[in-house]
Amino acid sequence: MWAELLPVGRSAASGGYRRFAWNAADAECRAWFAQQARDRGLAYELDRNGNQWAWLGDPEAGGAVVTGSHLDSVPDGGAFDGPLGVVSSFAALDELRARNSRFSRPLAVVNFGDEEGARFGVACIGSRLSAGVLGREAAYELRDADGVRLPDAMERAGQDPTAIGADGERLARIGAFVELHVEQGRHLAEDRPVGVASAIWPHGRWRFDFHGEANHAGTTRIEDRRDPMLTYATTVLAARKKARLAGALATFGKVAVEPNGTNAIASLVRGWLDSRAADEATLTELVAEIEHAAAERGGRDGVRVELTRESYTPVVDFDGPLRDRLAARLGGAPVLPTGAGHDAGILASAVPTAMLFVRNPSGVSHSPAEHAETADCLAGVAALADVLEDLACQ
């Protein structure tokens, strides 16, 4: 399975992956998932929001145990973030069948659509829609960098966009959701190959619009300029300093410039801030401080600053009894928090949810250098199989 997925959507230039929602690589990944379901005699289902399901047993019976993750990527992302969870889910099911395990509850493997938000700017769109966190009207307003609307992209890919929306009836059938994911840090580096998640830090995405004045780079005096690039650059530095002082995280990783000419002073700079912290109060204060720093510098530069919050996820504490049950089943596996968002975090408000992390020796993620050792990946499959057996089998 791993070998089949490796070339899909991979850039020859960077070695990273460009599997974005509803593009050709995404379609190939979706076809792969459907084939895996058919190969195992599982009932394949595509829900109203474009999430894929592979069912063993009757979905209508209720109390189902669901596992899975996502197959899309960030721009030039790594091979493990997302796909490891989906591949491991199918492999864990194969392991349980090899053990002749007797299933007492329905079991499903899921591939949530557009988890990374690389194309439309909002993470976990598939699970957000299902959980009702993202409404249909707001989803219809989402556009990619080329101006393509989300519903139009879905329709071109063969998905009916008129059906998207909250899917409470489906979520009510789920008794537990367990997502396996490569660790996106190094907490497990010197410990065990598999850990259990305790919580997800609150996090969000904010768009800063720096409005200046376009002018000639060669004829406009320094003192006459209203250059938004200066305000943007100062804000990036301020974000880094304030995050360090707060023990939090702040990253400007995406920027758009207009008119984007080498010999032109920009009229507009858009920068997207990703910020995360251990608690919501710290995160709120941090973003407010960054906004203040931007406005203060903008006042000196003659630049108007606008801030728009594009997405926000509050702190997620995973289901305590389920978390403790998993850790105990895995022989006292380490329990650790994460600063990364996941579909499991979105579903946690509606479904008892837990996560397993597979050790990442370098801690690198969202990069072609992302890696996990084969032995650790196999340990993850065994751990997931043990957990699913405990939850879904007699």
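What follows is a chat about a predicted model of one protein chain.

Student: Before we start, what kind of model is this, and what do the numbers rest on?
Tutor: It's predicted: local features need pLDDT of at least 70, side-chain atom pairs count only at pLDDT 80 or more, and totals for chains, interfaces and linings use all residues. Residues are numbered from 1 along each chain as its sequence is written, and side-chain values use heavy atoms, with hydrogens and water left out.

Student: OK, how many helices and strands does the protein chain have?
Tutor: Twelve helices and 15 strands. Those are DSSP runs numbered from the N terminus, helices being H or I with at least four residues and strands E with at least two.

Student: And which strands make up the open sheet?
Tutor: Four of them, in the order E9-E11-E7-E12, with antiparallel pairing. Two strands pair if DSSP finds at least two bridges between them.

Student: Why is one side of E9 and of E12 left without a neighbour in the sheet?
Tutor: Because strand E9 (249–258) and strand E12 (304–313) stand at the edges, each with a single partner strand.

Student: How many bridges join E7 to E12?
Tutor: Nine, with E7 covering residues 203–211.

Student: Switching topic: what's up with strand E6, buried or exposed?
Tutor: Seven of the seven residues of E6 (residues 194–200) are buried, so the rest of the structure largely encloses it. Buried is under 20% relative accessible area, exposed over 50% and partly exposed in between, with a 1.4 Å probe and protein chains only.

Student: Which strand pairs with E6 in the parallel sense?
Tutor: E14 (residues 335–338), over three bridges. Valine 196 stands opposite valine 335 in E14. E6 also runs antiparallel to E15 (residues 353–358), with three bridges, and there valine 196 faces leucine 356.

Student: Now helices. How do the axes of H2 and H3 cross?
Tutor: At roughly 10°, and the axes come within 11 Å; H2 is residues 24–39 and H3 is residues 83–98. Axes are lines fitted to C-alpha atoms, for helices over the stretch in contact, and angles run from 0 to 180 degrees between N-to-C directions. H2 and H3 are therefore roughly parallel; the classes are under 35 degrees for roughly parallel, over 145 for roughly antiparallel, 65 to 115 for roughly perpendicular and oblique for the rest.

Student: Which residues meet there?
Tutor: Trp32, Phe33, Gln36 and Ala37 in H2 meet Val86, Val87 and Phe90 in H3, where contact means heavy atoms within 4.5 Å.
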